[in-house]
Amino acid sequence: MSKPSAAIGGAHPLFYPLLLVACAIVLLPVFWMLSTALKDETELFRDPLLLWPEKPTLAAFRSVFEDYPFAAYIRNSLVVVVCATAISLTFSTLAGYGLSRFRFGGRGAFLAFLLLSQMFPSVMLIIPYFKILKSAGLLDSRLGLIVTYVSFTIPFCTWMMYGYFRSIPVELDEAAAIDGCGSVRTFFTVILPLALPGMVATAVYAFITGWNEYLFALILTNSEEQKTLPVGIGQLIGQYRIEWNELMAASIYSTIPLMVFFLFLQRYLISSLTAGAVKS
Amino acid sequence: MSDASPPLPPPARKRSPAAAARSRTGFAFVSPAMLVMALLVVYPLAYGIYISLFRTNLLNRWDFVGLTFFVQSLSDPGFLRSLFITALYAILVVGGHLIVGVALAVVLATQIRMRLLFRAILILPWLFPEVVVALIFRWIFDPIFGLLNHLLRSVGLISTQVAWLDDPTWAFVAVVGAAIWKGYPLVMLLALAGLQSIPRDRYEAAALDGAGRFGQFRYVSLPGLAPILGVAVILEFVWWFKHFTIVWLMTKGGPVDATNVVSIDIYRTAFQSFDFGRASAMAVIVLFICIAFAIAYRRMVPDEQA
Amino acid sequence: MKLSILSTVLLGLGLTVAGHAADEPVTLTVLSSTIVEGPEGKAEQGYADAFMEQHPNVTIEFIGVPANELYAKTNALAISGEMPDVFLNSPEFMAQADDLGIVADMQEVLGADYFDGFAKGPLAQSVVDGEYQFAPWFTIPNTLLYRRDVFEQAGVEPPTDWSEFRKVARELTVDTDGDGQTDRWGFALVGTNNGSGAGRFFLVLRAHGAEELAADGDAWTTGFGTPEAQAAFQLYADVVADGSVPPGPLQTGYGEAVSLIASDKAAMMITGPHTIGAVLDQNPDMAGKLAGALLPTVEGVEPDINLGMFGWAIAADSDQKELAAEYVRFVLERDNQVAWNLATGRLPTRLDALQDPQIARPELAGFIEAAEYGYQVPTARFYPDLFSVAGDNYQAVIIGRKSAAEAAEDAAAQTGRLIDNNR
């Protein structure tokens, strides 16, 4: 399927070497991660280095699940992050639209506060969050983490959606109003479809932020059944030893859902962009 | 048009029912997000600021000390130095993201063959948890078992094993590098989205005016990207100013204090010395710095007003 | 007659009720860092499983945290009132724990007699204000770990003073395969800026005759400003400058140093007996090659050995103190202590276990001897802050940022400020 409208121009020959260099810089650590994950314990610390294991083994991939409750970690991360992303996306899309189209008391303050809230070092927010979740009985629970992650991502997601809605001409709203649509109907039938690429980007951001979050998940969860994936990986960094092969295997596991999620949305992103271009 | 109508009192604050209804609608759209933020952002912030006025372990000791910790921190050369290091770190990392991200976005927005494959690969760093990125880079920089020394030695660039992370300058370079590697895809994606929303006719117009590829970039792409990148720069700077994980896991702020970003300072004060009041004061100072930056940035690079 | 029938019936009812209470499902929460480690975790889970078998209505839930986050986690739990029933305490943390008010009256809960069954050395270190803060579980006396085979081959004995130490370290830094590259260094210096690195530095400091912190009546003083302390900093600088230390000492944390020993890249290390197990895990060929020796000292100074002790404390607000005490006593039973030692190399603290012949293995002999020189970690609430005071300064000395004299002076000044701030 040809998508000429998505590309800006022709490719300069210099672009290819540039891209190849960039890809090499990206893939080198990834390759090393894979190589380490496939190594046996005795092959990890060799001098001279083994670029690729002599006897590649999936032992680390297995022991990650056998020795640790990794299935639980993955399940928790999935549940928490998917829910938090969905809620955050909904709230921030609504808010972004409201901010871009309407004037109301407190609008300026709210906008300013969206930025302000990003500026407090997260390290210090842990204690207040701890106290809040404790009073609500949400400590050591997925719901508690969902609430926490929603609060993290809403400010920036709202900013993203606000910016995106501002790029959608108000004339469309006015045209819909002339056609007799109320605000809500305008939003859902006219504006929202156009906002989909922005929503996709926002969703991806929210998902990745939640998926990778470490510090709060560590402090706000106690039991193995509630811990998320990054916390599980962090536990492989024992003070007494770093199990590099298991660590890398776990990291690879943690990246796969993100890749799947992104690949899935990537196609959607393109098709909606194409549709948008054709429409205009 | 207004001549014929009688002079009306200035309707300063009074709004027509329609405007009031619109205002209510707007409020309705915004209220879920507002509610979440009031509960989960305002309260923690307020609590954090409250704590900074006490010498406390949050359990059984609450001694009011007022602004003591603020004064002490601002006159502590160690803290000031960490602020400087953090600012330098944030500037270099965000700058790196911008350069790499925009450059790659421009390339990927053209009709490159296998564009999707390249894009998929170039997104990868973003998909790894910071925990993992920090550790894989630390492993790569390891003096004896690290990939970097191995590669450099095989091509003969170095002869002995270099302890990169032991050297103050190189350790700083390493954490900046790891952060750039990890974070550029976000800027790249934002730039890509921005580029793809620039109407094509502007490029055609510029081409007709005789602008070459670089000219088109400078006069069409960059201005078109400005709104989205403008927001990104502020947020990126603030994020990386507050950054903790990658530096902590790679160098713990060392060697000595060469990479001692302010979050590490705060973390140590709170969770190793259990001096929560002092740590909160340091965090509030960081808050004001970020606010000041945001205001200053907005003054210098005004965004299009809605 | 009626009365006795009535009382029997009541008694019977009472027993039945009590019996029911004993059968109610009960959860015991345990905060531990060893539970997430390699061989340690399996063993510890084993004890929990065995205990649960014996008490079918009890479920033991572990809260596992990596060791370097243990104190932060305990603090967070304390602040929010979510303390587990049982948690890992240590001489380094116990003053803080006591200050937080989270430790139950251990003597009352476990019984005064029970404490008589502990070895004197460890027990003495578990006291704050005359009260026991935890039931000691294991010690890992930190002394000199060395490659016995490498020493024998080179014809050297473990050094007894620091100039010998430097000499030996230099001699054992060799190029084993003749490719022009050093393959094995004399000493794996743990130079990270944290508890692992600073703890070891304190041992070197004390072996030179200075103390990082000492009680002076009601107050604290520091020995960082003395010429002896300066000599300790100088030693760190010298041994690195000699080239006897693998490159990258500032990044060599405990785990890295273990890997260096395991991969035959270092011949000596300051550490405890648990490292032997960790090394063997990585390289089984090292079996029988490692041994412990007393730390070198300066003439006239006796070594101070950090026992590296951890023990079980019962939370002050726990509802299950009795059950918690039972669990603690179970883990400290002789057979379990011996099994723990066999699996992990950590030394028991109970007298009955210490007398078991399996404990006195040749490779552990040096460590057991070193344990006799255990010293009391200063019970200052701010003690953990000294880690970064030491760390900042020995790191600066190693990379040549400061001279030993400057480092000693700065460390003294910083410690002085800590003492003042915490009066």
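Predicted model: local features only at pLDDT ≥ 70, side-chain atom pairs only at ≥ 80, totals over all residues.
1. Start with chain A, whose secondary structure amounts to 12 helices and 0 strands. Following the sequence from one end to the other, the pattern is therefore simply α-α-α-α-α-α-α-α-α-α-α-α. The C-alpha trace of this chain spans about 75 × 60 × 30 Å along its principal axes.

2. Chain A has 280 residues, and 49% of them are buried. Among its contacts with a separation of 6 or more, 76% are made by residues 24 or more positions apart.

3. Next, look at where chains A and B meet: 80 residues of chain A are in contact with 78 residues of chain B. On the chain A side, several helices supply at least two residues each, including helix H4 (70-101), helix H9 (183-212) and helix H12 (244-279). Which helix gives the largest share of that side? It is H1(A), with 11 residues. By residue type, the side of chain A that touches chain B holds 57 nonpolar, 19 polar and 4 charged residues.

4. The largest nonpolar core has 313 residues. Those with the most contacts inside this core include Ala105(B), Val175(B) and Met250(B), as well as Met268(C) and Val328(C). Helix H7 (residues 168-196) of chain B provides the largest share of the core, 19 residues. Domain 1 and domain 2 of chain C both give residues to the core, so it lies between them.

5. Leaving aside residues up to four places away in sequence, Met250(B) touches Ala134(B), Phe137(B), Arg138(B), Leu165(B), Ala174(B), Val175(B) and Ala178(B). Two of these partners, Val175(B) and Ala178(B), are also listed with Met250(B) among the residues with the most contacts inside the core.

6. Chain C is divided into domain 1 (22-140 + 308-371) and domain 2 (143-306 + 377-421). Taken over C-alpha atoms, the centres of the two domains are separated by 28 Å. Where they meet, 25 residues of domain 1 are in contact with 21 residues of domain 2. Helix H2 (38-54), helix H4 (91-100) and helix H17 (362-371) of chain C each supply at least two residues of the domain 1 side. H17(C) gives the most, with 7 residues. That side divides into 12 nonpolar, 8 polar and 5 charged residues.

7. H17(C) deserves a look of its own. Its buried residues are Leu364(C), Gly366(C), Phe367(C), Ala370(C) and Ala371(C).

8. Finally, strand E3 (residues 86-89) of chain C is covered on both faces. Val86(C) and Leu88(C) are buried on one side, and Phe87(C) and Asn89(C) are buried on the other. Strand E1 (residues 26-32) of chain C runs parallel to E3(C) and is joined to it by 2 bridges, with Leu31(C) partnered by Phe87(C). Strand E13 (residues 310-314) of chain C pairs with E3(C) in the antiparallel sense over 4 bridges. There, the bridge partner of Asn89(C) is Gly311(C).

Terms used:
Residues numbered from 1 in each chain as written. Chains lettered and ligands numbered in written order. Contact = placed C-beta atoms within 7 Å. Nonpolar A, V, L, I, M, F, W, Y, C, P; charged D, E, K, R; others polar. Core = buried A, V, L, I, M, F, W, Y, C linked by C-beta atoms within 7 Å. Buried ≥ 20, exposed ≤ 12 C-beta atoms within 10 Å, placed from the backbone. Domains from an automatic or database assignment. Pairing = 2+ DSSP bridges.
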